[in-house]
Structures are given as C-alpha cells and as structure tokens.
Amino acid sequence: MPDGFSAGDTAFVFICAALVMLMTPGLAFFYGGMVRVKSTLNMLVMSFVSLAIVSVLWVLYGYSLSFGPDAGAGLIGNLDYLGMRGIDLNAITGTIPVTAFAAFQLMFAIITPALISGAIADRAKFTAWSLFVALWVTVVYFPVAHWVFFFDGGNGGWLGDRNGVIDFAGGTAVHINAGAAGLALALVLGKRIGFKKDPMRPHSLPLVMLGSGLLWFGWFGFNAGSALAANGVAGMAFMNTQVATAAAVLGWLAYEKIKHGAFTSLGAASGAVAGLVAITPACGSVSMLGAIAIGLIAGAVCAAAISLKYKLGFDDSLDVVGVHLVGGIIGSLLIGFFATGHVGQTASGLFYGGGVTQLGKQALGVVVVLVYSFVLSWLLGTAIQKTIGFRVSEDVEVAGIDQAEHAESAYDFTAVGASIARAVSATATVSTVTAEKTEVDA
C-alpha cells in the first residue's frame, strides 16, 4: 500500500459502512411497524429493494457520477469510473483505499431513496416504486452527492467544496433530499383512502421501537464514519450523535405531554430519529452543548411539524416531511449558529463570532437541494403515474397491498382462526350437551 495508508482507519470505515447498511433494514422495521397490518410486508420490501437496485447502479455509474473527476462547474462527476473501471486498487482517499470510501458512500446512496418510501405507504405499486428508485438516484441523488460530498481542493462539488456549505454526513444530500422527494410523491399519488377519517394507527409499536433502536445504533457509523478516520473528529461526531438524539427524545416527549397529555412510545422513537436527522450535518462542527441544543430544538419542532399534513392537506403517511425534511433543515441551518470553528471544520457560526456568513451558506444549500429534489421528484413521479401508473387501484388499497403486490402477508392468522373456530365449536358442543342434560333431569 502507498505511504499514508492506515489499516486502522480502513477497518474503522468498513465497520462504519456495515453499520450504515444495517440502517436500511432498521428503517424497514421502523416503517413496517408504523403501517397497518395489510401493508407491513410492502414497507419492508420497499426498503430492501433499494439495497438491490442502488448497489448495482452504484457500480455501473453511480460512483462515477458522484465521485468521479468533476465534469464542469461542480455539478456532476464524469464517466471515467463506469463499472468501477480505472480505479487503482492501491489508491487511497485520505488514509483509506478508494474502494473502502466507495463502499461507505454506497450505503448512503442506498438508504436515501428508502427514506422516501414512508411518504407513500399503503398506495404505491411495487414495480413503479422500483423504477422510481432507479431513476431518482440517477438524476437526483448522484448529482447532489457530488455537489455536497465531493472535495477536490476547491474544484469539487459546487455546494460543499466551492461554496463552503457544511454537511458533515448528509443533512442536505440525504435528509432534505429524501424529505423533499417524499413531499413531491405524496402530492403526485394523492391521499390514502380514509385519510383524516379512518384510524391509521401503527400496527406494531414494538417493531417501531426495534427499528428506531437499529437506526440509532447504525447512525454512529453514519456520522462518526464520515470522518473517514478513527480520530478525534470521529469521536466528537459519535458523542454529538448520542447526546443530540437523547435530547431530541426529551424534546419530543415534552412537546407531546404538553400538547396531548401523554408520553408515547411512538413519540420516543420518532424523537430519536428526528435528533439523528438534525445532528447529521452538524456533528462535525458543533460542541456537545451545541448538539444538545440542536437535539432539543429538533425534537420539539419536528413533533409540531408532523401535524402540517393535516393542516395543509397532503398525506405524508409516515411523517417523512415532518421528521426528515424539517429535521434536515433545522440541523443544516443551526450550523450557522452553533459551529464552533474548531471541531472538525473551521467555519464559525453566529454564536461563536462568525457573523451570518455561514448561516447564509447553509441556507443556500437547504434551498437548492430542497427545490431541485422536489421538482425532479415531482416530474419523475408524474411521468410514472401517467405511463405505467404509480398508485394501486382502490380495491387493492382497501383490501391490502401485501397480497396484491407480493402474494404474502406479514402474519399468518390461519392457525389463530382455526383455533378460535375449534374453541367456538367446542363451546357450542358443551352448551348443547349441558342443555340436553338439563332437559333430561327436568
């Protein structure tokens, strides 16, 4: 290996990549528990298919478009690495092999479209969703990843490298990107049958809590791993992730208690995810006290934001907009206030003597990614809806999408039904015998 290679850093990044991969099954459980029984499997498979589609596209052209040499103005990578050809296996990025960096970034590309699926739960054709994932990562995620994550001494991506937008691990590229796309698809597909009329409560809160826990666990790889080395910045990102998430749980629960009079398990799980989202862009630039403040703010604001769908009339099934879009905006903008200038990145926020300069840069990143993702996602969703159809039929939606799209169900109630039938039959038999005996005795 060349000079500068670190086996320790390489092992650290591979472990972090595996943790980020685990986040997608964790998301599947989180979403799967939040829907009704009849849509459980569909939510699980919508996340899992992202693992399959994006992994293949990443090798074919995704890595090249995201991290290939800039093709011009910091907007997109060129095609030098199609099929991952032309990559020297001994080349390093920082202190790790390029292949380790590619594997780590692949996991980001996988989970981002999976996040979108929660906005259209209960009503999307699986074929249409799979096509959308392939198209969306191609025209939205890969370019945005280049804008935000590709650094080349001032000649890299136009948001991060050329304009100084800070996004340590994906507040814009992942969460605002996915949240804006979720909003666009929710508008294209329209409201679920019975929205605001029928109860649409989570069918399994234990699954929701399990998914939230897996996301929290994997997120340490997401954030600390973005340091790309086992160093002090990774340690700070790790701690910031933990305390911000904890604070967001408290913030969400406090809002919930004041507003609705109860502390719910769904609120605790959702608050954790909101905190994880908000600290993602900021974990490499704020202090631990700043991370706590970001978490508290995100928990309370995101808890309030999930009601927007009822006030504004869009059906974001599992609160992708309220948690990921709003949480990503909060975390990205608060860098402009809480960046210390001496954690992992040198820019200082308003509270540390940096004025409003960095806040303006953060606002630029937020607006650009939000608008770009929303517009392209709406166009893609509309094109699919008008060609092969994106939304399932009314009959399928009412009966349950699992059987129609996957010929399976999450739970087999046949044995339960048979047991109940036998119990009813036995009870009836006993009743009959008792009645006959009573008549004879009489």
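Start by selecting serine 287, which sits in the loop between α8 (265-279) and α9 (288-305); helices here are DSSP runs of H or I with at least four residues, strands are E runs of at least two, and both are numbered from the N terminus. Before you go on, keep in mind that this is a predicted model, where local features need pLDDT of at least 70, side-chain atom pairs count only at pLDDT 80 or more, and totals for chains, interfaces and linings use all residues. Residues are numbered from 1 along each chain as its sequence is written, and side-chain values use heavy atoms, with hydrogens and water left out.

Back to serine 287: is it buried or exposed? Its relative accessible area is 18%, so serine 287 is buried (buried means under 20%, exposed over 50%, partly exposed in between, with a 1.4 Å probe and protein chains only). Show its surroundings and, neighbours within four places in sequence aside, you'll find Asn240, Thr340, Val343 and Tyr352 in contact with serine 287; contact means heavy atoms within 4.5 Å.

Next, pick glycine 341, in the loop between α11 and α12 (357-387). Skipping residues up to four places away in sequence, glycine 341 touches Ser285, Thr346, Ala347 and Ser348. Now draw a distance from glycine 341 to phenylalanine 314: they are 27 residues apart along the chain, and their C-alpha atoms are separated by 40 Å.

Zoom out for a moment. You're looking at 15 helices and 2 strands. The C-alpha trace spans about 100 × 45 × 45 Å along its principal axes. The radius of gyration is 24 Å, which agrees with the value near 22 Å that a compact globule of 442 residues would have; the radius is taken over C-alpha atoms, and the globule rule is 2.2 Å times the number of residues to the power 0.38. Of those 442 residues, 53% count as buried. Of the contacts between residues at least 6 apart in sequence, 77% join residues at least 24 apart.

Zoom in again on glutamate 397, in helix α13 (residues 394-399). What does it touch, not counting residues up to four places away in sequence? The set is Lys38, Asp122, Arg123, Arg192, Ile193, Arg391 and Val392. Look for the backbone nitrogen of isoleucine 193, which lies 2.8 Å from a polar atom of the glutamate 397 side chain.

From there, hop to alanine 407, in the loop between α14 (401-406) and α15 (414-441). Check its backbone: phi is positive, about 55°, although alanine 407 is not a glycine. This residue is exposed, with a relative accessible area of 62%.

Then try aspartate 319, in the loop between α10 (308-312) and α11 (320-338). Aspartate 319 isn't a glycine either, yet it has a positive phi of about 65°. Its relative accessibility is 15%, so aspartate 319 counts as buried.

Last stop: aspartate 88, in the loop between α2 (40-67) and β1 (92-93). Aspartate 88 counts as partly exposed, at 46% relative accessibility. A polar atom of its side chain lies 2.9 Å from the backbone nitrogen of asparagine 90. To finish, draw a C-alpha to C-alpha line from aspartate 88 to leucine 308: they are 220 residues apart in sequence and 49 Å apart in space.

Definitions and conventions. A polar contact is a pair of N or O atoms within 3.5 Å; within protein, one must be able to donate a hydrogen and the other to accept it, and residues adjacent in sequence count only if both atoms are side-chain atoms.
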